[in-house]
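Me: Can you walk me through this one? I'd like to go over the side-chain contacts.

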Amino acid sequence: MADLTTTYLGLHLKNPVVASASPLSKKLDSVKRLEDAGIGAVVMYSLFEEQITHESLALNYFLDRGTESMAESLTYFPDLGNYNLGSDAYVGLIAKIKEAVNIPVIGSLNGFTPGGWVDYAKKIEQAGADALELNMYNIATDLTQTSQDLEQVYIDLVSDVRKQSNIPLAVKLSPFFTSLPNMAARLVKAGANGLVLFNRFYQPDIDVETLEVIPEIHLSSSEELRMPLRWIAILYGRIEADLALTTGVHTGEDVIKAAMAGANVSMLASELIHKGAGRVPELLGEITRWMEEFEYDSITQMKGSMSQKAVADPAAFERANYMKALQSFDNR
Ligand SMILES: Cc1cc2nc3c(=O)[nH]c(=O)nc-3n(C[C@H](O)[C@H](O)[C@H](O)COP(=O)(O)O)c2cc1C
């Protein structure tokens, strides 16, 4: 029987199929369904910086009526609709889930500016989370802010969060860095034990009739796997951190590709949202059958076997391969 076990952030997982942060972790029942279906671990949906900050501004207002702070806080706070519970309810839900399941549960904080909200790293640890994921989702729009300044903000944030808690810390980052390997190395130096590649930014659309910007999230497809796959393959064995691949994992073969590139785990949201927890045993079956057919004994055996360090042609992950890819069109 193929051995699917893996490790991630010092945790032992029965397989590399992990539920990525999504609404699937908003209810104890759905986390239990994922556990029963055989998932390796679950990342909680995120607690947002804005949400924590808003709650504390609102509290200040009620403690100190007559100031203008409430109006300010309301304009600052983006409308999260029904997506999130309050901060304390979030921490309470982690504690409840941890009591009810045996798989690792990873808390998730989402923000990008320094501030008191990072205290929640400690609260999430106290609630029993096995690890913490920090999602630094930010769209840089300021013409005067340099990439160097912005990168330092991220690094400082990781250091701040690191100081708040002792559980393993993974950083979920965007692919949009000029020098991703350098940024990855600096994040690890600042205290990240793992990197989650990549954040999938929602892309707003424009409704030309109502003249509105539409904030819709579209689910991913396997096509989107290629970008994180390349960067996992490039980083594997070159930084002292575990690697999680997220974006575009939909099939057992996608999970195998991720492991071969060097990922400790594959994190799925779209596929599980679309098909439900019942998809987990199918995925595990696909992985096992493939491993048996191609005579792999374990996930560990295939890990990193197609990383840039391991392949015969390392340039395949770089610019040189672009020309080859273009030529393949000429030859059609
Ligand atoms: C509906 C929805 C909600 C999500 N919520 C979060 C979140 O709260 N925090 C987070 O870090 N990522 C969140 N994500 C991103 C996913 O965790 C995942 O990284 C991304 O969707 C790429 O994986 P996929 O291709 O399997 O969907 C969300 C994704 C979806 C589709």
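This is a predicted model: local features need pLDDT of at least 70, side-chain atom pairs count only at pLDDT 80 or more; totals for chains, interfaces and linings use all residues.

Me: What kind of pair do Tyr154 and Phe177 form?

Reply: Edge-to-face, with Tyr154 and Phe177 5.8 Å centre to centre and 85 degrees between the planes. Tyr154 sits in helix α6 (residues 147–164) and Phe177 in the loop between β8 (169–173) and α7 (180–189), 23 residues apart. Helices (H or I, at least four residues) and strands (E, at least two) are DSSP runs, numbered from the N terminus.

Me: Are those two buried or exposed?

Reply: Tyr154 and Phe177 are both buried; that's under 20% relative accessible area, with exposed over 50% and partly exposed in between (1.4 Å probe, protein chains only).

Me: And why is the Trp290 and Phe294 pair called stacked?

Reply: Because the ring centres of Trp290 and Phe294 are 4.6 Å apart and the planes are at 25 degrees. Ring pairs also bring in Tyr296, making a cluster with Trp290 and Phe294.

Me: Switching to charges: how many salt bridges does the structure hold?

Reply: Eight, taking a salt bridge as a side-chain nitrogen of Lys or Arg within 4 Å of a carboxyl oxygen of Asp or Glu. One of them joins Arg200 and Glu224 at 2.7 Å, N to O. Arg200 is in the loop between β9 (194–197) and β10, while Glu224 is in the loop between β11 (212–214) and α8 (226–235), 24 residues apart.

Me: Where do Lys275 and Glu271 lie?

Reply: Both are in helix α10, four residues apart, about one turn of the helix. Glu271 counts as buried because its relative accessibility is 4%, while Lys275, at 46%, is partly exposed.

Me: What about Arg279 and Glu286?

Reply: Their side chains meet in a salt bridge too, 2.8 Å from N to O. Salt bridges with shared partners join Glu271, Lys275, Arg279, Glu282 and Glu286 into one network.

Terms used:
Residues are numbered from 1 along each chain as its sequence is written. Side-chain values use heavy atoms; hydrogens and water are left out. Rings of Phe, Tyr and Trp (its six-membered ring) pair if their centres lie within 6.5 Å; planes under 30 degrees apart count as stacked, over 60 as edge-to-face and the rest as tilted.
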